[in-house]
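Please read the points below alongside the sequence and the model.

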Amino acid sequence: MAVTQLNAVPYAPQVAPHPMANPGYGKRSAPDQRPREERDFAHLPPREAAIAAYVDRLPDGSDISVKTLAKVLPYGQCALRTALNKLQAAGHLRRGSECVATDEVMLWVTRTFFSRTARDDDWWAAFIRGDAPREAPRKPTRSRAFVLLAALGRTAPALSLSAAECAALEPQASEWFERGATEAELLHALTQGLPVPVHHAPSLVRRRLADKLPPHRPAPERRAVLLALECGECRAPGSPEALTDGLCATCRGEASPAPGGPPGAVPTDGVRERIAQVRAGLVPRTERTVRARRMTPTA
């Protein structure tokens, strides 16, 4: 009797996608960050570096609360809370709010702003004001147009081009990007509906770049975004200047400034006690009614 031998091939475990926050909430990446590098978080301790690298690769809108991260990372909530505070002190993270405006309503949503590039307090303050300084971009070795042309052969092998052919077609492809076209649109225009066979790939690409050149597209209008920061420990709102390393003066262990206001004003932290005293001195409604009846003359 023939014996059938079955090879047990282990299945790779399926990793569930990271949970997303409610629409409008969650992680938001800071603008104008450097490209990813192997040593992005080398200045951090190993635990904080691992958490930062994980958060950095999550898409915007991901739920990066302590409870959610504890479910997907091998750290407890206390350790994660400490690590996030260290990321905040290092300039990679700030907690705050953003005003999301629609045609019908304006809604403040909770955000956790994350920056792969470490930023100082002055940069975060400028970011909240909407005028964060832009870093000088690194000069790329090759343009977007050249890179796309060089990779055409991966999508359509018949359109494989040499380095010299890519350099010759680069100005035509760059004009597409100057007119507002996306890489997906350009790739679709060059690779869809190819004849069989393609006799001369450079000539075909040059012809399509010229015949399908899109019109100029106006740049989208930028809406003014309202942002506000909160203390990473007690979540109290405050100005960026008051939240050094993302913490308010109280959570940093500094003395709170003397409350201002007119003479005799009740301090903010004593309002509830003052109201309780006033209420305690009021005569109950039932007693006021009895007194009023006693004072009313009878006919």
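The numbered points below refer to this predicted model.

1. Helix H7 (residues 163-178) packs against helix H8 (residues 183-191) at an angle of about 135°, and the two axes lie 10 Å apart. H7 is therefore oblique to H8, since only angles over 145 degrees count as roughly antiparallel. The crossing of H7 past H8 is right-handed.

2. Which residues make the contact between H7 and H8? From H7 come Ala173, Trp176 and Phe177, and these meet Glu183, Glu185, Leu186 and Ala189 of H8. Sorted by class, the contact of H7 with H8 has five nonpolar and two charged residues, and no polar ones.

3. The peptide bond joining Val196 and Pro197 is cis, with omega about 0°. Pro197 belongs to the loop between H8 and helix H9 (201-211).

4. Asp32 has a positive phi, near 55°, and is not a glycine. Most residues other than glycine have a negative phi. Asp32 sits in the loop between strand S1 (26-29) and helix H1 (46-56).

5. Is Asp32 buried, partly exposed or exposed? Its relative accessible area is 28%, so Asp32 is partly exposed; the buried class would need a value under 20%, and the exposed class one over 50%.

How values were computed: Residues are numbered from 1 along each chain as its sequence is written. This is a predicted model: local features need pLDDT of at least 70, side-chain atom pairs count only at pLDDT 80 or more; totals for chains, interfaces and linings use all residues. Side-chain values use heavy atoms; hydrogens and water are left out. Axes are lines fitted to C-alpha atoms, for helices over the stretch in contact, and angles run from 0 to 180 degrees between N-to-C directions. Helices (H or I, at least four residues) and strands (E, at least two) are DSSP runs, numbered from the N terminus. Angles under 35 degrees count as roughly parallel, over 145 as roughly antiparallel, 65 to 115 as roughly perpendicular and the rest as oblique. A crossing is left-handed if the near helix is turned anticlockwise from the far one by less than a right angle, and right-handed if clockwise. Contact means heavy atoms within 4.5 Å. Ala, Val, Leu, Ile, Met, Phe, Trp, Tyr, Cys and Pro count as nonpolar, Asp, Glu, Lys and Arg as charged, and the others, Gly among them, as polar. Buried means under 20% relative accessible area, exposed over 50%, partly exposed in between (1.4 Å probe, protein chains only).
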